[in-house]
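Subject: Structure handover

Hello,

Here is the structure I promised you. Please open it next to this email and follow along.

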Amino acid sequence: MNETVQPPSLAEAIQDRPEDVVDESTSEVKMQARDVSVFYGKKKAIDEVSVDVFTEHVTAFIGPSGCGKSTFLRALNRMNDTIPSASVTGTIELDGEDIYASGMDVVQLRARVGMVFQKPNPFPKSIYENIAYGPKIHGLAEGKAELDTIVEKSLRRAGLWDEVKDRLQDSGTALSGGQQQRLCIARAIAVDPEVILMDEPCSALDPIATAKIEELIDDLRGRYAIVIVTHSMQQAARVSQRTAFFHLGHLVEYGHTSDIFTNPQQQRTQDYITGRYG
Ligand SMILES: Nc1ncnc2c1ncn2[C@@H]1O[C@H](COP(=O)(O)OP(=O)(O)OP(=O)(O)O)[C@@H](O)[C@H]1O
Ligand SMILES: [Mg+2]
């Protein structure tokens with residue numbers, strides 16, 4: 001008899017999905033991308049992609065390495081602006097407002113559309129300061145008491161408060177990897193975002209820390225629109241309500257997660273989810 005413990009299969013992950021309590025008829029489009037292309041110099045990395053991101057949904061971006069998931073994710077809060085060769089065409093709206101319009105305040109935009117990266121990147125400052133910094137520069141707190149409240153609330157919401165409440169002055173970098181990632185999520189939450197973008201947030205974490213982040217993502221969904229890039233199809237199946245499959249810069253298929261994984265309409269999606277490439 002084979003006693004080896006196998007990780008859950010994709011089929012099991014789909015079967016174990018919590019019931020989606022999202023009411024499609026009332027769910028609101030938070031971000032709308034239309035015919036978005038992203039270039040690095042002359043090279044097109046994203047080709048005319050159109051996607052809606054819904055409030056109170058987790059949207060997963062999947063696809064083989066180099067297909068443009070991170071590039072497209074970065075276009076959603078203008079992080080590509082920081083790459084000199086990058087340019088974006090098409091339109092991306094947040095609540096109907098063009099985020100690439102010339103009057104858009106990019107600092108404000110990145111508070112509304114926060115980002116969590118693959119490698120946890122706390123500031124080399126105290127746990128408290130990691131959270132307090134954003135609210136301070138955005139003028140969200142009147143004084144120390146209000147700032148303390150925001151710090152506590154953000155850490156609680158990120159499921160980290162009980163682990164750090166007695167060591168708020170310790171350096172953020174002294175935490176474990178999983179704690180650091182939850183600290184980065186708390187930091188994104190602290191400025192009261194509407195959308196949270198996560199680029200492979202668990203890829204540097206062990207399975208227990210990963211499970212905690214996945215639970216947290218599910219909790220946070222009630223409040224924000226969340227977009228997560230992941231290489232783990234099990235993870236996409238567990239945490240997301242919608243999945244977009246990218247291949248070679250194209251959006252091949254976008255739909256309800258259960259449909260994408262159980263009844264894909266495109267051969268390329270089928271090939272990817274059955275592990276034929278990737
Ligand atoms: N800063 C950059 N300058 C030039 N080309 C880039 C840059 N970043 C990404 N690219 C190219 O754009 C394409 C898409 O890359 P991207 O990082 O978005 O893919 P990805 O789907 O996130 O891949 P992975 O799963 O490996 O993270 C690739 O061909 C990549 O080489
Ligand atoms: Mg990437």
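Below is what was found in it, region by region.

First, the ground rules. This is a predicted model, in which local features need pLDDT of at least 70, side-chain atom pairs count only at pLDDT 80 or more, and totals for chains, interfaces and linings use all residues. Residues are numbered from 1 along each chain as its sequence is written, while chains are lettered from A and ligands numbered from 1 in the order in which they are written.

Helices (H or I, at least four residues) and strands (E, at least two) are DSSP runs, numbered from the N terminus.

Two strands pair if DSSP finds at least two bridges between them. Angles run from 0 to 180 degrees between N-to-C directions, and axes are lines fitted to C-alpha atoms, for helices over the stretch in contact.

Look at strand 9 (residues 242-247) next. Strand 9 and strand 10 run antiparallel and are joined by six bridges. One pair to find is His247 with its bridge partner His250 in strand 10. Contact means that the C-beta atoms of two residues, placed from the backbone, lie within 7 Å.

Helix 7 and its neighbours

Helix 4 (residues 127-137) packs against helix 7 (residues 177-190) at an angle of about 25 degrees, with the axes 8 Å apart. Helix 4 contributes Ile127, Asn130, Ile131, Gly134 and Pro135 to the contact, and helix 7 contributes Leu183, Ala186, Arg187 and Ala190. By class, that contact has six nonpolar, two polar and one charged residues. Ala, Val, Leu, Ile, Met, Phe, Trp, Tyr, Cys and Pro count as nonpolar, Asp, Glu, Lys and Arg as charged, and the others, Gly among them, as polar.

Now turn to helix 8 (residues 207-220). Its axis comes within 9 Å of that of helix 7, and they cross at roughly 20 degrees. Helix 7 and helix 8 are therefore roughly parallel to each other. Gly177, Gly178, Gln181, Arg182 and Ile185 in helix 7 meet Ala209, Lys212, Ile213 and Leu216 in helix 8. Four of these residues are nonpolar, three polar and two charged.

Strands 1, 4 and 5

Strand 1 (residues 29-40) pairs with strand 4 (residues 86-94) in the antiparallel sense, over eight bridges. Met31 stands opposite Leu94 in strand 4. Strand 4 also pairs with strand 5 (residues 97-98), again antiparallel, over two bridges. There, Leu94 stands opposite Glu97. The hairpin of strand 4 and strand 5 has two residues between the strands, and Asp95 takes a positive phi near 50 degrees.

The ligand

Which residues surround ligand 1? They are Tyr40, Ala45, Gly63, Ser65, Gly66, Cys67, Gly68, Lys69, Ser70, Thr71, Ile83 and Ser85. A residue is near a molecule if its C-beta atom, placed from the backbone, lies within 6 Å of it. Helix 2 (residues 69-75) gives the largest share of this shell, three residues. By class, the shell has four nonpolar, seven polar and one charged residues.

Best wishes

Methods. Angles under 35 degrees count as roughly parallel, over 145 as roughly antiparallel, 65 to 115 as roughly perpendicular and the rest as oblique.
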